[in-house]
Amino acid sequence: MDKPRLRRSEVPGYLMEQHGIPIALATLNKAATVGGGPPMQYAGRIPLYHVADLDAWATARLSKRVSSTSERDA
């Protein structure tokens with residue numbers, strides 16, 4: 001995408017396309033209410049997500065690379 005900011009409805013597609021991370025729009029809506037989602041800023045009443053913030057949030061959600069499932073919790 002060439003836009004610097006995305007509307008919430010565009011975020012799931014971006015995260016899947018760029019990072020391979022599936023996330024439902026309903027999950028983003030809930031995270032916007034209770035916390036834990038990517039940072040956002042408002043243009044009037046419309047929440048917008050900076051692409052750089054989405055990239056950082058996606059990277060933070062991923063674990064380190066592992067060779068076996070036993071390494072995941074180490």
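**Contacts, burial and helix faces in a predicted model**

Student: What share of the contacts in the protein chain between residues at least 6 apart in sequence join residues at least 24 apart?

Tutor: The share is 50%, where a contact means heavy atoms within 4.5 Å. This is a predicted model, in which local features need pLDDT of at least 70 and side-chain atom pairs count only at pLDDT 80 or more, while totals for chains, interfaces and linings use all residues. Residues are numbered from 1 along each chain as its sequence is written, and side-chain values use heavy atoms, with hydrogens and water left out.

Student: Which elements make up the protein chain, and in what order do they run from the N terminus?

Tutor: The order is β-α-α-β-β-α, with three helices and three strands in total. Helices (H or I, at least four residues) and strands (E, at least two) are DSSP runs, numbered from the N terminus.

Student: Why is Asp-73 called exposed?

Tutor: Exposed means over 50% relative accessible area, buried under 20%, and partly exposed in between (1.4 Å probe, protein chains only). Asp-73 has a relative accessible area of 74%, and is therefore exposed. Asp-73 lies in the segment after helix 3 (51-61). Its C-alpha atom is separated by 9.7 Å from that of Ser-63, 10 residues away along the chain.

Student: How much of the protein chain is buried?

Tutor: Buried residues account for 24% of the 74 residues.

Student: What puts the buried residues of helix 1 on the same side?

Tutor: The buried residues of helix 1 (residues 11-19) are Val-11, Pro-12, Tyr-14 and Leu-15. They cover an arc of only 165° around the axis, so they are on the same side of helix 1. The arc is that of the directions from the helix axis to the C-beta atoms. These buried residues pack against strand 1 (5-7), helix 2 (25-34), strand 3 (46-50) and helix 3. Just after helix 1, Gly-20 takes a positive phi of about 70°.

Student: How do you know that the buried residues of helix 3 share a side?

Tutor: In helix 3, the buried residues are Val-51, Leu-54, Trp-57 and Ala-58. Their arc around the axis is only 125°, which puts them on the same side of helix 3. An α-helix has 3.6 residues a turn, so residues three or four places apart point the same way. Strand 1, helix 1 and strand 3 are among what covers the buried residues of helix 3.

Student: Which exposed residues does the face of helix 3 turned away from its buried side carry?

Tutor: That face carries Ala-52, Thr-59 and Ala-60.
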